Amino acid sequence: MSAPLFRDDAYLRTCEARVTGVTERGGIVLDRTVFYATGGGQPGDSGHLELADGTQIEIATTVYDDDRVSIVHVPSEGQTLPEPGSEVIAHVDWARRYKMMRVHTALHLLSVALPYPVTGGQIGDTEGRLDFDMGDETVDKETLHQVLNDLAAGDYEVTTEWITDAELDANPALVKTMSVKPPRGSGRVRLVRIGGDVDLQPCGGTHVSRTSEIGELSIGKTEKKGKQNRRVRIRLTD
């Protein structure tokens with residue numbers, strides 16, 4: 001098992017770790033990591049591992065192994081793999097990660113500004129999108145821009161809490177996403193809360209600690225996807 005340090009503190013940029021194994025496909029497994037593994041529409045982190053002699057192994061992305069417990073650091077092509085038992089320092093690409101934290105939190109606010117069932121989504125380091133089941137409703141981009149940026153500028157605190165699987169089953173309205181299921185398997189589910197009651201939903205991703213960190217947002221292209229789905233894109237303006 002890889003201890004997911006990012007889950008308790010998304011602002012950790014480095015950590016000391018030990019190599020516990022190398023997968024058949026050449027991925028590196030550590031006993032603990034600050035690298036977020038691909039999931040929930042959020043890409044895996046990139047960065048590098050620093051060996052004791054100063055050698056660096058560039059990490060292209062991070063994914064979960066088939067057991068959904070071990071976190072696999074996928075090196076770029078041509079990298080020399082470390083031996084199991086090696087001590088390393090994991091360095092996440094913080095500039096990229098922080099922008100994804102801002103975009104991810106902004107998408108939570110987008111689901112508040114457009115209170116429709118979410119049928120899909122994707123997080124990037126400059127922009128993100130959600131697909132909504134809106135029926136024949138249309139998006140007023142000017143109004144949405146104002147509402148979304150007012151929410152971001154509200155400087156709401158972003159916190160996490162945990163409930164049991166049974167508690168989630170008893171409160172199905174907490175789940176906004178129709179295509180992405182909340183991360184389960186451990187008997188409890190992580191919730192992300194924005195403000196006291198601005199938003200509360202299951203999520204295993206990384207987020208900023210206050211909405212004011214998101215900055216100014218712009219509304220990108222909106223387009224219809226199928227009979228009812230409407231895709232809405234947002235971008236960081238900086």
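## Surface and charge

The chain has an accessible surface of about 11,600 Å², and carbon and sulfur atoms hold 47% of that area (Shrake-Rupley method, 1.4 Å probe; for residues, only the protein chains shown count as cover). This is a predicted model: local features need pLDDT of at least 70, side-chain atom pairs count only at pLDDT 80 or more, and totals for chains, interfaces and linings use all residues. Residues are numbered from 1 along each chain as its sequence is written, and side-chain values use heavy atoms, with hydrogens and water left out.

There are 27 positive and 37 negative side chains, with 6 Å between the centres of the two sets. Lys and Arg count as positive, Asp and Glu as negative; His and the chain ends are not counted. Charges are placed at NZ of Lys, CZ of Arg, CG of Asp or CD of Glu.

## Overall fold

The chain contains 4 helices and 15 strands (DSSP runs, numbered from the N terminus: H or I of at least four residues, E of at least two). Its C-alpha trace spans about 55 × 40 × 35 Å along the principal axes.

## Core

Of the 238 residues, 45% are buried (under 20% relative accessible area, 1.4 Å probe, protein chains only). The largest nonpolar core has 47 residues; Leu30, Leu109, Leu110, Phe132 and Ile214 touch the most other members. Such a core is a set of buried Ala, Val, Leu, Ile, Met, Phe, Trp, Tyr and Cys residues joined through side-chain atoms within 4.5 Å. Helix H2 (residues 94-113) supplies its largest share, 8 residues.

Notes: Buried < 20%, exposed > 50% of the residue type's maximum accessible area, 1.4 Å probe, protein only.
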